[in-house]
Amino acid sequence: MAIIINEAVLEDKLTQLEQARNWNPRVVSRLESAIRTADDYDLFRINPIQYATDRNMDEQEAIDLFLHGTKLGLFELEWHLVCAFCAHVVESLSELSSIHSHYKCSFCQAENDVALDDYIQIAFTISPQVRSIRFHQPEQLDIEEYYLKYHFAKGLQPFPNGMTQQQVGDLITRYMKYVEPNERVVVETEITPGMLQAKDLLHRASLVFFLQEHQADMEAIPIHLTDGKFHAAGRTPAPRTVEQTAATFQFGATDELESGKVQIEFTNMMDRRSPLWIMHYPADFESFYVSFNPFLSGKRLLTTQTFRDLFRTETLSVDEGIAVKDITFLFTDLKGSTDMYDRIGDLNAYYLVRQHFDTLITAITNNHGAIVKTIGDAVMATFLSSSDAVKAALDMLQGLDEFNKTISVPLYLKIGIHSGPSIAVTLNERLDYFGQTVNIAARIQGLAGASEIYVSQLAQSHPGVAGLLTNCHVTREQVVLKGVSGKTDVYRISLSR
Ligand SMILES: [Zn+2]
C-alpha cells in the first residue's frame, strides 16, 4: 500500500518540534525520514529506548523527542498493561488516569498485579492525522498481524526455555483464520493430553477443553459464536481455576474432552467476522514471567521531567495507587532560610530562593530525575537509580558553591537520599508518592547539616554510588529515625574542599 502523508500537517508539526528544545544535529530530520519511509509496523507502538539504540542516540533525548512529538500531535502516547505471562497487551490506554494495577488477561486468562517498573509500558504510535498506517484499523489487519503483532507487545525476549514467541505460536496453533458471518468451518486435528482452546479476541470469546488421556474415536464438537460467546452444543462449560508456580489462571468457560482426533465444527452467528484461533497446549507446557528488551516503563516516564512539564494534567485516578518496586527519593532544604528572610527581606530572599531552584532543577534533569514538588524552600525529586540521585546531589552542592560566589548571603543545602518501594498516587491534583520510603527519605534529609548529603545504607549500596564518592568525606553513622523501628545505617557525605 502506498504511503500517504499529510504534508501540511507534518510540515507544521515538525517545524514546531524543531523549536521545542535544543536537539542534537539531525535528530528531527531522522525522525522525519522515519515518518516518511518506515514500514507501518515500525511506526506502531514505537519504543523510544529501542529507537535510541537503533540510531545510537541518547535515550533521554529520544524520550523527549516522542513526548514533544505527542504534545504537538505527531504521535499518540499509549499506556500498555502487558500480561506478565504471555505478553498480551491486556489494555492500551491513552490516559494515565485509566491505569490500574490489577488485570485479568483476556488471552491466557492469568490474573496478576503489575508495578510501574515492569509490565506497565509506554509506546508511541504515529497519529492518523500525519500518516495513516494499517494498525490504526486493527479489525482490517490480516489475521497473523491481528493476533501476533497487534495483540502482543513488541520486544519480547525468548522464553526461559529458549523458545521464541514465533516458535511458541507455531507449537500451539492448530487453526487461525477469520470466519465470516454465517460461515461454517470444520477443523480436524489430533490432540494429546493438555489443553485445547478456541479464542476470538475481537468478541472476547474463549472456550477451553482440558484433555484427558484416552484414544477416543473421532469426536465432533459443534461450536457456535453467538452473543459474543462460544456455545458448544450439548455441553455446559464451567469456570475453572488453574494454579501454576508462577501464575493463577481463571478460565471462564471450560469442559473436559478425551484426547485423540477431534473435529471442531465452528459457525459464526455474529454479524462481524470472527478471528478464530484454535490452540493446543501440551500437558508439559509451563508458564513463565516474560521479559522484554529495554523499554520505557511507567516508572521511567513519571521520573522524566519533560513528561511532568508537558503533561501536567496527567494524573492517576484518585482511587488508584500503583506500586513502584524500587525508586530513589531526594529531598533538599535550605539551611537557615528563616534567618535569611529576616536579614535581607522577603523579596530579596524570594529572589535568591528562585535562583537556587534553577541550580537544583539543572542538577536534577541533567541526572535523569524529576521534581515531584517544592515545599517552601524544599524540593522533593525522584530518580530511577540512587547513583543518579547521588550524582545530582553532588552537582547541587557544587552548583550552589558557584552560585554563592555571586551573592552576598550564601545559601547552604541539606540533602537526603533513600531508595525503596513506594506507591505512586495523585495528591492535590499532582503525581506524588506515598509510603514509608518517602517518610524515611524526608527524615534522612532532616539529619543533614549545611552542605551535607545523607544517604541511607540501602541507597548507598546500589551499583555505581561508591565510585561517585571517591573525592568526598564519607562517614558511616547509625541513627534512630522518628517513626522507624530500630537503628538505620546512613552515610554522611560532604565535598572535599
Ligand atoms: Zn496473558
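First, the ground rules. The model is predicted, so to speak of local features I need pLDDT of at least 70, side-chain atom pairs count only at pLDDT 80 or more, and totals for chains, interfaces and linings use all residues. Residues are numbered from 1 along each chain as its sequence is written, and side-chain values use heavy atoms, with hydrogens and water left out.

Overall build. The protein chain has 14 helices and 22 strands; these are DSSP runs numbered from the N terminus, H or I of at least four residues for helices and E of at least two for strands. The C-alpha trace spans about 95 × 60 × 35 Å along its principal axes. Of the 497 residues, 52% count as buried, meaning under 20% relative accessible area, with over 50% called exposed and partly exposed in between (1.4 Å probe, protein chains only). Taking contacts between residues at least 6 apart in sequence, 73% join residues at least 24 apart, where a contact means heavy atoms within 4.5 Å.

Surface. The accessible surface is about 22700 Å², and 48% of it belongs to carbon and sulfur atoms. That area comes from the Shrake-Rupley method with a 1.4 Å probe.

Now the cavities. Rolling a probe the size of a water molecule over the atoms shows where empty space is left. How many cavities of 30 Å³ or more does a search of the whole structure find? Two. A cavity here is a set of points, on a 1 Å grid over the protein atoms alone, where a 1.4 Å probe fits but cannot get out; lining residues have an atom within 4 Å of a point.

Arg 45 sits in the loop between α2 (27-37) and α3 (48-55), and is buried at 7% relative accessible area.

Gln 109 is the other case. Its phi is near 70°, again positive in a residue other than glycine. The loop holding Gln 109 runs between β3 (102-104) and β4 (110-113). Buried or exposed? Gln 109 counts as buried, at 8% relative accessibility.

Note on methods:
1 Å grid on protein atoms, 1.4 Å probe; cavity = no way out; pocket = protein on both sides within 12 Å on 5 of 7 lines; lining within 4 Å. Points joined across faces, edges and corners; volume = space filled by probe spheres on them.
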